[in-house]
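Welcome to this structure. Here is a short note to read beside it, one point at a time.

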Amino acid sequence: MTELLNHPATPPNATSTPTTTSTATAAAPSLRLLAGSDRAKTPARLARASRSGTIDTEQLTAWVESQQESDDSAADDEPLTPVVLASLSIRRLRMLVNQAYTLMDTDYPPSRTVDRYEMLVDELERRAEAAEKRHPVNATREKFRDNSLSCRFELFTDGHLVAYMQYRMTGGNLTLILGNELPGFRDQGAATTLMRNIVLDAHKRRLNLIPRCQMASTFLADHPQYQQYTSRH
C-alpha cells in the first residue's frame, strides 16, 4: 500500500500523451529539415515521408506556397537596377510587366509604378532587338505559284512578279517551254529560285519533267543534284 501511494499507477489514457509529444517532437525537426534548403521535394520523397509519419504533406504544401508568395512579393518590391533586370528571365519580365500594368489600372496605383513598368518594357524591347541582331530575319517575301490558266509557273518577290516559266502539261509529262526574268530583276537569283520550286513541285506531284528551254537547261547544268527529278528521255 505504501508503495502504491508513493508510486501511483499511471492511468491508461496517460500513456498516450508522452508518445504523442515525442512523435510531434520527432516530426518537427524532419519538417524543418525538409523546409530548409530543399523546400521543393519530389513527390516520391514526400509520399514516403508521409507514409512513415515523419511529415504532414498538407502542412508542408501550405508552407511552401506561403514561402513562394512571400518570395514573389519581395521580388516585386525589389528596386529595378540594370543588374537586377539583366538577371531576370524573359518569362519573369513578362510577369512583372503584367503585374505593373494591372497596378496602373487601379484608382490609386503605388508610387513609381509607371517608372517600373517603363523599365520592364524597355528591357524586353532591348532583348528582342538583341535577339533579332543575333538571328536576322529576311524581310524579303517570296511566293511561288502555278498559274494553271496561263500555263506558267510564277515567282513573286514582295508582291512583284520577277520571273515565270511557260509549260505544257500532257498526261503526266510536264514540259518546260520558255523561262523569263522580268527587267530589273535579272541576275538576282530569281531564275534559280523559280527553277528550284518547279523541280520540287513536279517531283511532289509525280510529274515527268522535260526541260526544253535555256533557263531550265542552265539550271540543271549548274545544279546536277536536281537532274534525278527530270525525264530520262
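**Notes on the model**

1. Helices and strands here are DSSP runs (H or I of at least four residues for helices, E of at least two for strands), numbered from the N terminus. Gln 227 is partly exposed, its relative accessible area being 39%; the scale calls a residue buried under 20%, exposed over 50% and partly exposed in between, using a 1.4 Å probe and protein chains only. Leaving aside residues up to four places away in sequence, Gln 227 touches Leu 220 and Ala 221, where contact means heavy atoms within 4.5 Å. Its C-alpha atom is 9.9 Å from that of Ser 217, which is 10 residues away along the chain.

2. A word on what you are looking at. This is a predicted model, in which local features need pLDDT of at least 70 and side-chain atom pairs count only at pLDDT 80 or more, while totals for chains, interfaces and linings use all residues. Residues are numbered from 1 along each chain as its sequence is written, and side-chain values use heavy atoms, with hydrogens and water left out.

3. Please keep the confidence in mind. The pLDDT, the predictor's confidence in each residue from 0 to 100, has a mean of 74 over the protein, and 63% of the residues reach 70 or more. In residues 11-41 the pLDDT is below 50, and this stretch has 17 contacts in the model beyond near neighbours in sequence. Residues 68-75 also have pLDDT below 50, with 5 such contacts.

4. Now the overall plan. The protein has 9 helices and 5 strands, and from the N terminus its elements run α-α-α-α-α-α-α-β-β-β-β-α-β-α. Buried residues make up 26% of its 233 residues.

5. The strands form an open sheet of 5, in the order β1-β2-β3-β4-β5, with mixed pairing; two strands pair if DSSP finds at least two bridges between them. β1 (142-147) and β5 are the edge strands, each pairing on one side only. From one strand to the next, the twist averages 25°.

6. Which way do β4 and β5 pair, parallel or antiparallel? They pair in the parallel sense, over 4 bridges, with β5 covering residues 208-211. Leu 174 has Leu 209 in β5 as its bridge partner. The chain goes from β4 through α8 to β5 in a right-handed β-α-β crossover, meaning that, with the strands pointing away from the viewer, the path from the first strand over the helix to the second runs clockwise.

7. Finally, the interior. A nonpolar core is a set of buried Ala, Val, Leu, Ile, Met, Phe, Trp, Tyr and Cys residues joined through side-chain atoms within 4.5 Å. The largest one has 23 residues, and those touching the most other members include Phe 153, Met 165 and Leu 174. β2 (152-157), β3 (160-170), β4 (173-181), α8 (190-204) and α9 (214-222) each supply at least two of its residues, and α8 gives the most, with 7. A second, separate core of 8 residues includes Leu 85, Leu 88, Leu 93 and Leu 120.

Note on methods:
Axes fitted to C-alpha atoms, helices over the stretch in contact; angles between N-to-C directions.
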